[in-house]
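Trainee: I have not worked with this structure before. Could we go through it by question and answer?

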Amino acid sequence: MEDTQWFSPADPRCKAPYGAAPSGSAVRFTLRPKRQKGFVRGRLTARWEFDADRVTQTLLPWTGMEGDRDLFSASLELGDYIGLIWYTLRLERMDGSFEETREFQLTVYDAAERVPAWFGEGVTYQIFPDRFCRLSVPDPQGMVGGRWVHQSWEEEPEYRPNEHGEIRNRDFFGGSLRGVEEKLPYLQSLGVETIYFCPIFEGPENHRYGVADYEKIDPMLGTKEDFTRLCEKAHRLGMHIMLDGVFNHTGFVSKYFNGDGFYPNLGASQSRESPYADWYYFQNWPHEFSSWWGIYSLPTTNKESVSWLSYITGENGIIRSWLRAGADGWRLDVADELPDFVVHAIHEAARAEKPEAVIIGEVWEDASHKIAYDVRRRHVLGGHCDGVMNYPVRSGILNFLLGADGAALQTAVEAQRQNYPPWAFYSGMNALGTHDTLRVLTLLGEGSDRKGDTSRDWRCQHRLSPEQRSLAAARLKLGSLLLYALPGSPTIYYGDEVGMEGFEDPFNRRPFPWGKEDRELLGWFTALGKARKELPPLRRGGLEWLRCGGRVVSFARELAGERIIAAVNAGDRAAVIELPQGNHIRLEPMTGGLFRENGAPIFPLPA
C-alpha cells in the first residue's frame, strides 16, 4: 500500500508550531517516509506571496529515524515577513525520482498584534433595532425617507414591490434604544456579554444600511444621549456594545449624496462644490455613479478621498466619536469591499481611542486567504480585523445537523485553526443565523430556502408543521450546544432563542414575539448562556477532538487542568463515546450535552 503519511501539516511531528505562525519565529518541518522507500533528502519550496511571490528552497537533510521511518528535518526562518507562504514538500532519491505534496498554506501574522479577549469569550446577541422592542408607536413625520409605521407589532413586514418593481424597505415597526434598555435584564439572563447592533444611524430604510447621517442616531431609535445611557447601563451589567460600521456606501438619500434634496446642505449629487464631491465615483455626473451591487439607493464611497477617510477615521471621526460615546467595538459591513488601508486605518483609530476596542469584519469565506477585487486581503494578519463573522463554521454545523458526516465539521473548524492566528480563531463571531440568512429554525425544519418551488406570498404565510418544528427545535438545540462549546463568540440572532421562523429578508426580520416565546427553547439557551459564562474552558480553553464521524461530534475544551467535553448525537441510534480510564458517554438519538472528564453530565443544567 502506498504510504501517504510522510507529511501532514496537522501532525505536530511533521510541522511545529501547529497552524499559523508569528513573524520573527521559525517553523520546523519534518518528513517521515518509510525507510524502504529509499529517499535521501527532502526539499521545501516556499512562495512568499506578500513579498512579490519570492520563491525560496530549503533542504531537509536526514536527521535520524523513528521506528521504520526516516526523518528529514529543517526550519524555515520567517524573519520580519507578514503574509501568506505557499509551500510544497518533496522527497528525493539518488536516481532523481521524487514524491511531492500538494501546496499548503502557512499564515504568518504580526507577532506584535494584541487583541482584547473579551469578545471571543462571551455570548453575543445581534439586534435588528427596528424589530426588537418598541415602547410606543413613533410618528415618522419629517423623518428622512418617506417612512410609514406599522400600528400593530404583529403585522407582516412589507415584502411586495411597488409599482416600479422596487422593495423600498420604508416600513417601520418602531423599535428603539429605550426598548433595548428595558430588555437589558432579559439579555443578561441569557448570559449575553456583547450586544451587536445592526446600524443605528439615521437612514431612510428600516435596515439602515443606507446611512444618511453617521453623526446622528436615527430619531426613531432615539438620541445620542439615549445611546450613551444604554451603554452605561449595559457596562454596569457586564456587557459590551458593538456597532455596525457601513462605510463602503451611503444612502442615495443622505446628507453626503443628497440625491433627493432632503438635507439643506449641498450633497455630491447637487454640486461639484459640495464638500462631499469627491466621496463618490461619478461616471457622468450627477446621474451615473457607482453603487453597491448596482443598487442606485446605495452609492459607493470613494476610499481614495482624503476627506472621506479623515471623516471616518480622524481624531474626531466617526470611529472614535462613537467609541467615545460608549461603544466598545465595530463590526465592518462588507469588509471585503473596503481596501486594506481603510480597514487598517479604522483599526488604528479604534485602538487609539479605546485600547480594548475590537474590530470584527463581515467576511463570508476563509478570511486568511480571501481574494476580493483581485487582491489578497490582510484581514487576519494583524492590524486589520480582530476576528470575522464565522460563516464557514455556521455552514459546517448546519450541514452536520442536516445529515453531513461529523468529520466534515471537524475539518471546517480545523481549517480555520490552521489558517487563522490564535486571536482571530478565538474572536470569531459564530452564529447559526443572521439578518442575511434564513431563520435557523426554518432552515432546520424545511432543509432549504424553498425559493425554487414557492412564491414570496407562500413564504410569507408559511409556518413549520408541528412535526417539522419539533425536529427543527431538536436540531437547533444540538447546533447551539456546539456553537456555545466551540472557540469563538456564540452569537444569537434576536429571536432565534425563542423559536422565531422566517425565510429570506424581510421574513427573517419580523418583530420579536414578546409574550409568545417558545419557553422550552428559551430555557435551553438560558442554560447554555449560564454554562458559557461559568465554565472557563468554554471561554478560552484549548480544543481537542474526540469522536467525530457519522452522526456524532464530540470534543474537549481544557484550561488550567479543567476539562469539559461537548458531545452531540444527531442520529437515530444511540452512540457511545469512549473516554480515558474506562469511562464513557452514552448519547441517545438526537441528544447532546456537556460532561466532565469522567463522563458525569453538567449540561443540560437542572431546571
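This is a predicted model: local features need pLDDT of at least 70, side-chain atom pairs count only at pLDDT 80 or more; totals for chains, interfaces and linings use all residues.

Mentor: Just after helix 8, Gly 403 has a positive phi of about 125°.

Trainee: Which residue caps the N-terminal end of helix 8?

Mentor: The cap comes from a side-chain oxygen that lies 3.4 Å from the backbone nitrogen of Val 393. The residue that supplies this oxygen is Asn 390.

Trainee: Is helix 8 mostly covered or mostly uncovered, and how many of its residues are buried?

Mentor: Helix 8 spans residues 391-401 and is mostly covered. Its buried residues include Tyr 391, Arg 394, Gly 396 and Phe 400.

Trainee: Which helices are included in what covers the buried residues of helix 8?

Mentor: The cover includes strand 25 (429-431), strand 28 (552-559) and strand 29 (562-569). The helices included are helix 9 (406-419), helix 11 (440-446) and helix 13 (466-485).

Trainee: How many helices and strands are there in the chain, and why is the chain called as compact as a globular protein of its length?

Mentor: The chain has 15 helices and 33 strands. For 607 residues the globule rule gives 25 Å, and the chain is close to that, so it is as compact as a globular protein of that length.

Trainee: What share of the residues in the chain is buried?

Mentor: A residue counts as buried when its relative accessible area is under 20%. Among the 607 residues of the chain, the buried share is 60%.

Trainee: What share of the contacts with a separation of 6 or more comes from residues 24 or more positions apart?

Mentor: The count takes in contacts in the chain with a separation of 6 or more. Residues 24 or more positions apart account for 68%.

Trainee: Where is Glu 517, and why does it count as buried?

Mentor: Glu 517 sits in the loop between strand 26 (489-493) and helix 14 (519-534). Buried means under 20% relative accessible area. Glu 517 counts as buried because its relative accessible area is 15%.

Trainee: Which backbone nitrogen does the side chain of Glu 517 reach, and which residues is Glu 517 in contact with, leaving aside neighbours within four places in sequence?

Mentor: The side chain of Glu 517 reaches the backbone nitrogen of Gly 515 at 3.1 Å. With neighbours within four places in sequence left aside, the residues in contact with Glu 517 are Val 498 and Phe 512.

How values were computed:
Residues are numbered from 1 along each chain as its sequence is written. Side-chain values use heavy atoms; hydrogens and water are left out. Helices (H or I, at least four residues) and strands (E, at least two) are DSSP runs, numbered from the N terminus. The radius of gyration is taken over C-alpha atoms; the globule rule is 2.2 Å times the number of residues to the power 0.38. Buried means under 20% relative accessible area, exposed over 50%, partly exposed in between (1.4 Å probe, protein chains only). Contact means heavy atoms within 4.5 Å. A polar contact is a pair of N or O atoms within 3.5 Å; within protein, one must be able to donate a hydrogen and the other to accept it, and residues adjacent in sequence count only if both atoms are side-chain atoms.
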